[in-house]
Amino acid sequence: MFDVPLHPLLVHFPIALGVVALFYDAWAVYSKRPELHDTGYGLSLWAGIGSLCAAVTGLQIVRLDGLSKGALTGHALYGILTTLVLTGVGLWRYSARVRQKGPDEDYSMVWLVLQLAGAGLVAVTAL
């Protein structure tokens, strides 16, 4: 758009938000402070939204610039996997929050494991 590539501008937000969400949720589990999960929830939600935008703009760069598809296949594969994990965690947490019956609901450790997988995929995609 206006000869400004959007992908480099957008890609850092889901990376940072996903990793910081992991730290907040791990801190909440470790310190037994469940109120920190609220911050992790918000960060996870925005990381999922941002990762969708980053993946779409990344695929546009490959298509529009005519870059070698072989050179970017690995990066695109890990980027799409990261997008699926971050978006899945965000949607799953959003769904659980909407259905939440009361403040006594437990934090699902599966979310922490998936966030750890998402942070690992972020690192692999960057390399």
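Trainee: In what order do the elements of the chain run from the N terminus on?
Mentor: This is a predicted model, in which local features need pLDDT of at least 70, side-chain atom pairs count only at pLDDT 80 or more, and totals for chains, interfaces and linings use all residues. Residues are numbered from 1 along each chain as its sequence is written, and side-chain values use heavy atoms, with hydrogens and water left out. Helices (H or I, at least four residues) and strands (E, at least two) are DSSP runs, numbered from the N terminus. The chain has 5 helices and 0 strands, and the order of its elements is α-α-α-α-α.

Trainee: How far apart are the end C-alpha atoms of helix 5?
Mentor: The expected span of a helix is 1.5 Å times one less than its number of residues. Helix 5 (residues 109-126) has 18 residues, so it should span 26 Å; this agrees with the separation of its end C-alpha atoms, 26 Å.

Trainee: Is Ser44 buried or exposed?
Mentor: Buried means under 20% relative accessible area, exposed over 50%, and partly exposed in between (1.4 Å probe, protein chains only). Ser44 lies in helix 3 (residues 36-65). Because its relative accessibility is 3%, Ser44 counts as buried.

Trainee: What share of the contacts with a separation of 6 or more comes from residues 24 or more positions apart?
Mentor: Here the count covers contacts in the chain with a separation of 6 or more. Of these, residues 24 or more positions apart account for 72%.

Trainee: What percentage of the residues in the chain is buried?
Mentor: The chain has 127 residues. Buried residues make up 31%.

Note on methods
Contact means heavy atoms within 4.5 Å.
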